[in-house]
Amino acid sequence: MGGGGTLISVYPEELTFLFELDKACYCNLKVVNNSEHHVAFKVKTTSPRKYFVRPNASIVQPWDSCTITITLQAQKEYPPDMQCKDKFLIQSTKVPASTDMDEIPPDTFNKEADKVIEEMKLKVVYTLPSGGSDDSSVSSLGSRSFKAASDDLTMLKNASIEEIQTIQRLKDERDNMLQQNQQMQRELDVLRRRRSRKGDTGFSLTFAAFAGLIGVLVGLLLSLIFSSPPGTA
């Protein structure tokens, strides 16, 4: 299901994240232009430090759509009862067809007498990887967190400093490569949209092949890094 107004519709109408400790997770949001006008939108949140939104502002052509990727940064602990109070707000308004999507005027979303600004509010929902959001799963989060902390403490006591540093370095490298891969995909989408707006008939096959090759190499490197644990000292 989706929600929306006269200018745009948004699917889904709530943001659902598969919540895991110490892992970033993401949710895709589709914005559909329901009008014959060019529509600019902007995404706001009550917790900007927790979420990474791309694009957080853009322009959707008439009857076209745009996909927004919202990433929840890795969290160190479960929220109480797995309830999230974070909210998102999507503002939208008509803009001239000549407006550049990468240089939207800062006063575009100012509420003025002669301007119509539509707003939609979205709530955030966290779910567990097992798919179980029942009372028993939620009530057991405290004990599972305590057990996980105890296991981590035991592992740290038994591991050498070199092993701990190696594990942390591998995790950092994995996160960096994942972020670079996501950034490349987003830049690829932006380039496609730009070429489409300029009336190009096709997209550079060489660039597309290069981007695909980078994705394959990143996947292979991640597999090699985590296929076997670091050797004991």
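Asp81 counts as exposed, at 54% relative accessibility (exposed means over 50% relative accessible area, buried under 20% and partly exposed in between, with a 1.4 Å probe and protein chains only). Its phi is near 55°, a positive value in a residue other than glycine, and Asp81 sits in the loop between β8 and β9 (87-95). Keep in mind that this is a predicted model, where local features need pLDDT of at least 70, side-chain atom pairs count only at pLDDT 80 or more, and totals for chains, interfaces and linings use all residues. Numbering starts from 1 along each chain as its sequence is written, and side-chain values use heavy atoms, with hydrogens and water left out. Helices (H or I, at least four residues) and strands (E, at least two) are DSSP runs, numbered from the N terminus.

- Most residues other than glycine have a negative phi, and most peptide bonds are trans.
- Asp22 joins the list of exceptions, with a positive phi near 60°.
- Asp22 is found in the loop between β3 and β4, and it is partly exposed, at 44% relative accessible area.
- The peptide bond from Tyr11 to Pro12 is cis, with omega near -10°; Pro12 belongs to the loop between β2 (8-11) and β3 (14-18).
- Arg54 and Pro55 are also joined by a cis peptide bond, omega being about -10°, and Pro55 falls in the loop between β6 and β7.

**Strand β8 and its partners**

- Strand β8 (residues 65-72) is mostly covered, with 6 of its 8 residues buried.
- Strand β4 (residues 25-33) pairs with β8 in the antiparallel sense over 8 bridges (a pair of strands needs at least two bridges found by DSSP).
- In that pairing, Val32 stands opposite Ser65 in β8.
- Strand β6 (residues 51-54) is joined to β8 by 4 bridges, and the two run antiparallel.

- Rolling a probe the size of a water molecule over the atoms shows where empty space is left.
- The second largest pocket has a volume of about 580 Å³.
- Its lining has 23 residues, and the closest to the centre are Arg54, Pro55, Arg186, Glu187 and Val190.
- A pocket here is an open set of points on a 1 Å grid over the protein atoms alone, where a 1.4 Å probe fits, with protein on both sides within 12 Å along at least five of seven lines; lining residues have an atom within 4 Å of a point.
- For the volume, grid points are joined across faces, edges and corners, and the space filled by probe spheres set on the points is taken.
- β4, β7 (57-60), β8 and α3 (161-197) each supply at least two residues of the lining.
- Helix α3 gives the most to that lining, with 10 residues.

**Salt bridges**

- The count comes to 5 salt bridges, each needing a side-chain nitrogen of Lys or Arg within 4 Å of a carboxyl oxygen of Asp or Glu.
- Lys123 forms one with Glu14, the closest N and O atoms being 3.8 Å apart.
- Lys123 lies in strand β10 (residues 118-127) and Glu14 in strand β3, so this pair ties together parts that are 109 residues apart in sequence.
- Both ends are partly exposed: Lys123 has a relative accessible area of 43%, and Glu14 comes in at 28%.
- Asp22 turns up again here, with its side chain meeting that of Lys76 in a salt bridge (3.4 Å, N to O).
- Asp22 is in the loop between β3 and β4 and Lys76 in the loop between β8 and β9, so the pair ties together parts that are 54 residues apart in sequence.
- Lys76 is exposed, with a relative accessible area of 71%.
- Lys111 and Glu119 form another salt bridge, with the closest N and O atoms 3.1 Å apart.
- Lys111 counts as exposed at 63% relative accessibility, whereas Glu119 is partly exposed at 37%.

**A nonpolar surface patch**

- Leu213, Leu217 and Leu220 form a nonpolar patch on the surface, with about 290 Å² of accessible area together.
- Patches take residues with over 30% relative accessible area and no salt bridge, joining like charges within 9 Å and nonpolar side chains (Val, Leu, Ile, Met, Phe, Trp, Tyr) within 5 Å.
- Accessible areas come from the Shrake-Rupley method with a 1.4 Å probe, and for residues only the protein chains shown count as cover.
- Leu213 lies in helix α4 (residues 205-226) and is partly exposed, with a relative accessible area of 48%.
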